[in-house]
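Please consult the sequence and the model alongside the text.

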Amino acid sequence: MRSMRIGTAFAIAPLFFAFPYTFGGPLFETQASGFYENRYFSSISYTTIGYGNIGPVGPLARFLAGSEASLSTILAALLVYALVKRSEL
């Protein structure tokens, strides 16, 4: 059950990061316009792919993009750990 909760958090976290990019004002500004493009930017940042076609402009947007990449790494490690522990039972 723990792996399911971690997997769900891993899957929906980029959606929550897209809201500040879209509605946060100039401090959270990105090169994207609209919620859909900011959701795309959030997903790309979250998965640490970083295609380079959209980037953070505002100072808090840069911080949030880095935090998003760090969070995804931690959640991915937790998910793998939970799956391995589950398979040992």
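Among contacts in the protein between residues at least 6 apart in sequence, 61% join residues at least 24 apart; contact here means heavy atoms within 4.5 Å. The model is predicted, so that local features need pLDDT of at least 70 and side-chain atom pairs count only at pLDDT 80 or more, while totals for chains, interfaces and linings use all residues. Residues are numbered from 1 along each chain as its sequence is written, and side-chain values use heavy atoms, with hydrogens and water left out.

**Overall architecture**

- The protein has three helices and zero strands, and its elements run α-α-α from the N terminus on.
- Helices (H or I, at least four residues) and strands (E, at least two) are DSSP runs, numbered from the N terminus.
- The C-alpha trace spans about 50 × 20 × 20 Å along its principal axes.
- Of the 89 residues, 29% count as buried, a term that means under 20% relative accessible area with a 1.4 Å probe and protein chains only.

- Two packed helices are described by the angle between their axes and the distance between the axes.
- Axes are lines fitted to C-alpha atoms, for helices over the stretch in contact, and angles run from 0 to 180 degrees between N-to-C directions.
- Helices α1 and α2 pack at an angle of about 130°, their axes being 8 Å apart.
- The two helices α1 and α2 are therefore oblique to each other; angles under 35 degrees count as roughly parallel, over 145 as roughly antiparallel, 65 to 115 as roughly perpendicular and the rest as oblique.
- By class, the contact of α1 with α2 has 13 nonpolar, four polar and one charged residues.
- For these classes, Ala, Val, Leu, Ile, Met, Phe, Trp, Tyr, Cys and Pro count as nonpolar, Asp, Glu, Lys and Arg as charged, and the others, Gly among them, as polar.

**Packing of α2 and α3**

- The axes of α2 (residues 35-46) and α3 (residues 59-88) come within 8 Å and cross at roughly 55°.
- Helices α2 and α3 are therefore oblique to each other.
- Phe41, Ser42, Ser43, Ser45 and Tyr46 of α2 meet Ala65, Glu68, Ala69, Leu71, Ser72 and Leu75 of α3.
- Six nonpolar, four polar and one charged residues make up this contact of α2 with α3.

**Threonine 30 and asparagine 38**

- Threonine 30 lies in the loop between α1 (2-23) and α2, whereas asparagine 38 lies in helix α2.
- Threonine 30 is buried, with a relative accessible area of 6%, and asparagine 38 counts as buried at 2% relative accessibility.
- The side chains of threonine 30 and asparagine 38 are joined by a polar contact of 2.6 Å, that is, a pair of N or O atoms within 3.5 Å; within protein, one must be able to donate a hydrogen and the other to accept it, and residues adjacent in sequence count only if both atoms are side-chain atoms.
- A polar contact of 3.4 Å joins the side chains of asparagine 38 and threonine 22.
- Not counting residues up to four places away in sequence, threonine 30 touches Tyr21, Asn38, Phe41, Gly55, Pro56, Val57 and Ala61.

**Other loop residues**

- Phenylalanine 28 lies in the loop between α1 and α2, and its C-alpha atom is separated by 5.3 Å from that of leucine 60, 32 residues apart along the chain.
- Threonine 48, in the loop between α2 and α3, has a positive phi of about 60° although it is not a glycine.

Key: Buried means under 20% relative accessible area, exposed over 50%, partly exposed in between (1.4 Å probe, protein chains only).
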